[in-house]
Each structure stands twice: as C-alpha cells, then as structure tokens.
Amino acid sequence: MENISKMEMAKALFQKDYIKTEKAFFGFITKVTYVPTNSPVVGLSLDYLLADGDKVMRLASAAPNELDALIKQNGCPLVSPNGHWRLNLCYSKDRKFVALQVLEFAGFEYKTVSEPRFIEGDDAAKFIGIFVK
C-alpha cells in the first residue's frame, strides 16, 4: 500500500467533502476515510508496460457503462514490476469510492497525464474490480 499523502492526487483528494483525514503517530501517518460509509481509504500504485498504456488510459477515463465492452475488445492491462505507465488508485475498503490518476515515466520521473478522477457508489466497484483483484 502506498502513502496517500505522497501521491500526486493527494491535494485534490483531501479537498473533497466526503473525504476525512486524520494525522496519527506524531503526524507521520495520515488516516484517510470515505465519510458516507466510514470506510478506510487505501492507496495503491500499479505499473504497466509501454504496450498497455493505451488500455490503462481508456479504462481509467471510460464511462462505467463502457467498461465491459472495452475489456471484451482490448482485455485488461497486466501489472508489471516496473513500467512506463503508472496508475495511482485510492479506494475505500468497502469499494464504494475510488480515485484514479494515470502517470507516465518521462525525464526520469513519473508525470501526470490525467487529472484525478473520483467515482462513488456501485460504479466505483466496477473500476476497482478491473485493477485490484
């Protein structure tokens, strides 16, 4: 699991009314909670090879009703130990909330290529299910 406060999307995530943050352990740990369900939020960074970048971008930006068709047409991207593309995910453990942001490795660091996307409710579980098993 990743430290959410160090992710590129942290500032945008923490500004949402439905997200609560609390500092713990002398300020070294930030606990993040999805308020509507009081579920803890965890962060995850997934790396993908160059060939899967298009799949990651399409899936991360797709409308919920388009997901099944995209997966049937293109398949799911495969996670790599390290890769050219990175998907940062923050999701509630009850799978009612997800935040997604795609980054690309360029100039010896990962740079954002998409704005953070926030999804709530049953649609969030669809997106989480694609990337988190």
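Predicted model: local features only at pLDDT ≥ 70, side-chain atom pairs only at ≥ 80, totals over all residues.
**Conventions.** I number residues from 1 along each chain as its sequence is written.

**Overall fold.** I looked up the secondary structure and found 4 helices and 8 strands (DSSP runs, H or I of at least four residues for helices, E of at least two for strands, numbered from the N terminus). Along the sequence I read the pattern α-β-β-β-α-α-β-β-β-β-β-α.

**Size and burial.** The C-alpha trace spans about 45 × 35 × 25 Å along its principal axes. I count 41% of the 133 residues as buried (under 20% relative accessible area, 1.4 Å probe, protein chains only). Of the contacts with a separation of 6 or more, 60% are between residues 24 or more positions apart (contact means heavy atoms within 4.5 Å).

**Helices α2 and α3.** I then took α2 (residues 53-61) and α3 (residues 67-74), which pack at about 165° with their axes 10 Å apart (axes are lines fitted to C-alpha atoms over the stretch in contact, angles run from 0 to 180 degrees between N-to-C directions). The two helices are therefore roughly antiparallel (over 145 degrees). On the α2 side I list Lys 55, Arg 58 and Leu 59, and on the α3 side Leu 67, Leu 70, Ile 71 and Asn 74.

Conventions. Heavy atoms only, no water. Parallel < 35°, antiparallel > 145°, perpendicular 65-115°, else oblique. Buried < 20%, exposed > 50% of the residue type's maximum accessible area, 1.4 Å probe, protein only.
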